[in-house]
Amino acid sequence: MLAVCFITLYPMWFVFINSINSPEQALLGTVNWFPKNLSLDSYSVVFNDPNLMNGFVVTALRTVIGTAAHVLFTAIVAYGMSKTHLIGRKLYMKIALITMLFSGGLIPTFLLMTKLGLYDNFWVFILPAMYTFFNMVIFMSFFRTIPDGLEESAKVDGASDYGVLFRIVLPNSMAVLATIALFSAVYHWNDYYQGIIYIRSQDLLPLQTMLYKIVAENSMSFMQQQAMAQFGARLPGNSIKFASMMVATAPILVFYPFIQRYLVKGVMIGAIKG
């Protein structure tokens, strides 16, 4: 278990140590357990980069709006699909299952997004990710565990189906709501691929797409120029890369522990019968 923890945590620790190490130590490329000479110069360059901060805002907006839209829309679909008396329910399930197993491919999807006007549009991050069959099944399985008596009592009092969903079902489904919200938030925060394929405007690039370009394509010209202007030639590119990684990763790491207890409950949905 200790070995697994070490293998999991050490890469993040390595990135963090090198992001706060002095430029001289970063240039040596040595492996250090602790920073020998503390320096925040690389973070100063990252936070002063307007493009990277704009990417942070785009990613934050995408995560908040995308997660809320996904949870709301998927919950509404799952509530309807959880009713056995729904006409055509089995057909809907088969059609949805096909979309889970097969996709149209990159080129047809790209053409579809272009025809819908979503190319180089912020909503390309939100609309295609509003529904997934897998998360709908998780919602549906949890909704079936809620006693029918609660819904029947609400309907006797005059509540509509939407009233039952928002006033009875969802308030009693915090575990699954938190679980699906975490799944969706992690996806939106970590996704870089959508930005590569569908976004060309610099103002709409998510943080992770920018980080991908920094690490994979070595496109650090602006930040390197800024570093040279502030600190001269002594600040290496690797320090800026490590600092960028930490800025992109830290928010989701801070958020995760607060919702982990709901995740443990959510992943057990449907695992126990009876």
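This is a predicted model: local features need pLDDT of at least 70, side-chain atom pairs count only at pLDDT 80 or more; totals for chains, interfaces and linings use all residues.
**Exercise 1. Describe the protein as a whole: how many helices and strands does it have?**

Solution. 
Step 1. Count the elements: there are 14 helices and 0 strands. The pattern along the sequence is α-α-α-α-α-α-α-α-α-α-α-α-α-α.
Step 2. Check burial. The protein has 274 residues, and 40% of them count as buried.
Step 3. Check contact range. Take the contacts with a separation of 6 or more: 74% of them join residues 24 or more positions apart.
Step 4. Turn to the record. The unreviewed UniProt entry places "transmembrane region" at residues 52-79, 91-110, 122-143, 164-187 and 240-259.
Step 5. Examine two of these spans. Residues 91-110 are 80% helix and 0% strand, with end C-alpha atoms 28 Å apart. Residues 164-187 are 83% helix and 0% strand, and their end C-alpha atoms lie 29 Å apart.

**Exercise 2. Work out how helix 4 packs on helix 7.**

Solution. 
Step 1. Recall what is needed. A pair of packed helices is described by the angle between the axes and the distance between them.
Step 2. Read both values. Helix 4 (residues 50-81) and helix 7 (residues 133-143) pack at about 55°, with axes 8 Å apart.
Step 3. Classify the angle. Helix 4 is therefore oblique to helix 7.
Step 4. List the contact. Helix 4 brings H70, V71, T74, A75, V77, A78, Y79 and M81. Helix 7 brings N135, M136, F139, M140 and F143.
Step 5. Sort by class. The contact of helix 4 with helix 7 has 10 nonpolar, 3 polar and no charged residues.

**Exercise 3. Which residues of helix 5 and helix 7 meet?**

Solution. 
Step 1. Start with the axes. Those of helix 5 (residues 89-101) and helix 7 cross at roughly 140° and come within 9 Å.
Step 2. Classify: helix 5 is thus oblique to helix 7.
Step 3. Name the residues. R89, M93, A96, L97 and M100 of helix 5 meet F133, F134, M136 and M140 of helix 7.
Step 4. Sort them. The contact of helix 5 with helix 7 counts 8 nonpolar, no polar and 1 charged residues.

**Exercise 4. Describe the contact of helix 4 with helix 9.**

Solution. 
Step 1. The axes of helix 4 and helix 9 (residues 161-169) cross at roughly 115° and come within 11 Å.
Step 2. The crossing of helix 4 and helix 9 is right-handed.
Step 3. From helix 4 come L72, A75, I76 and Y79. From helix 9 come D161, Y162, V164, L165, F166 and V169.
Step 4. By class, the contact of helix 4 with helix 9 has 9 nonpolar, no polar and 1 charged residues.

**Exercise 5. What is the phi of D120?**

Solution. 
Step 1. Recall the rule: most residues other than glycine have a negative phi.
Step 2. D120 is not a glycine, yet its phi is positive, at about 55°.
Step 3. Locate D120: it sits in the loop between helix 6 (106-115) and helix 7.
Step 4. D120 has 28% relative accessibility, so D120 counts as partly exposed.

Key. Residues are numbered from 1 along each chain as its sequence is written. Side-chain values use heavy atoms; hydrogens and water are left out. UniProt positions are given in the numbering used here, feature names are shortened, and annotations may be inferred rather than shown by experiment. Helices (H or I, at least four residues) and strands (E, at least two) are DSSP runs, numbered from the N terminus. Axes are lines fitted to C-alpha atoms, for helices over the stretch in contact, and angles run from 0 to 180 degrees between N-to-C directions. Angles under 35 degrees count as roughly parallel, over 145 as roughly antiparallel, 65 to 115 as roughly perpendicular and the rest as oblique. Contact means heavy atoms within 4.5 Å. Ala, Val, Leu, Ile, Met, Phe, Trp, Tyr, Cys and Pro count as nonpolar, Asp, Glu, Lys and Arg as charged, and the others, Gly among them, as polar. Buried means under 20% relative accessible area, exposed over 50%, partly exposed in between (1.4 Å probe, protein chains only). A crossing is left-handed if the near helix is turned anticlockwise from the far one by less than a right angle, and right-handed if clockwise.
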